[in-house]
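Please read the numbered points below with the sequence and the model open beside you.

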Amino acid sequence: MELNRLKVVLAEKKRTGLWLSHQLGVSSVTVSKWCSNITQPTLPVLDRIADILEIDTRELIKGKNFSKGSF
């Protein structure tokens with residue numbers, strides 16, 4: 001099973017999918033589907049998620065160890 005970065009980052013930030021859904025104005029079901037790899041957010045939404053979680057968007061895609069040259 002593939003690791004879901006959004007789920008990991010939410011746990012690291014001690015935030016829930018319900019909290020994120022409220023921040024974004026989307027349903028908790030939508031966030032749950034993102035965290036379960038059923039669907040993925042669009043790139044603009046991914047940018048908003050990164051802003052809300054105060055992380056680099058690349059961290060949501062590749063993890064903390066992304067390298068600038070490989071993106």
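**Notes on the predicted model**

1. Of the 71 residues of the protein, 31% count as buried, where buried means under 20% relative accessible area, exposed means over 50%, and partly exposed is in between, with a 1.4 Å probe and protein chains only. This is a predicted model, in which local features need pLDDT of at least 70 and side-chain atom pairs count only at pLDDT 80 or more, while totals for chains, interfaces and linings use all residues. Residues are numbered from 1 along each chain as its sequence is written, and side-chain values use heavy atoms, with hydrogens and water left out.

2. The secondary structure comes to five helices and zero strands, and from the N terminus on the elements run α-α-α-α-α. Helices (H or I, at least four residues) and strands (E, at least two) are DSSP runs, numbered from the N terminus. Among the contacts with a separation of 6 or more, 51% are accounted for by residues 24 or more positions apart; contact here means heavy atoms within 4.5 Å.

3. Which residues does L10 contact, once its neighbours within four places in sequence are left aside? L10 is found in helix α1, and it counts as buried because its relative accessibility is 4%. With those neighbours set aside, L10 is in contact with R15, T16, G17, L20, C35 and L53.

4. S21 lies in helix α2, which covers residues 17-24, and because its relative accessibility is 1%, S21 counts as buried. Leaving aside its neighbours within four places in sequence, S21 is in contact with V26, S27, S28 and V31. The C-alpha atoms of S21 and I49 are separated by 9.8 Å, although the two residues are 28 residues apart along the chain.

5. K33 is found in helix α3, residues 28-35, and it counts as partly exposed because its relative accessibility is 37%. Not counting residues up to four places away in sequence, K33 touches I38 and T39. Between the C-alpha atoms of K33 and G17, which are 16 residues apart along the chain, the separation is 10.0 Å.

6. Most residues other than glycine have a negative phi, and most peptide bonds are trans. K14, in the loop between α1 and α2, has a phi near 55 degrees, a positive value in a residue other than glycine, and K14 counts as exposed because its relative accessibility is 73%. E54, in the loop between α4 and α5, also has a positive phi, of about 55 degrees, although it is not a glycine, and E54 counts as exposed because its relative accessibility is 69%.

7. The charged end of R15 sits over the ring of W19, 4.3 Å from its centre; a charge sits over a ring if NZ of Lys or CZ of Arg is within 6 Å of the ring centre and within 35 degrees of the ring normal.

8. How much space lies in the largest pocket? The volume is about 230 Å³, and of the 13 residues that line this pocket, the closest to its centre are N4, R5, Q40, L60 and I61. A pocket is, on a 1 Å grid over the protein atoms alone, an open set of points where a 1.4 Å probe fits, with protein on both sides within 12 Å along at least five of seven lines, and lining residues have an atom within 4 Å of a point. Grid points are joined across faces, edges and corners, and a volume is the space filled by probe spheres set on the points.

9. Helices α1 (5-12), α4 (43-53) and α5 (57-62) each supply at least two residues of the lining of the largest pocket. By class, that lining has eight nonpolar, three polar and two charged residues, with Ala, Val, Leu, Ile, Met, Phe, Trp, Tyr, Cys and Pro counted as nonpolar, Asp, Glu, Lys and Arg as charged, and the others, Gly among them, as polar.
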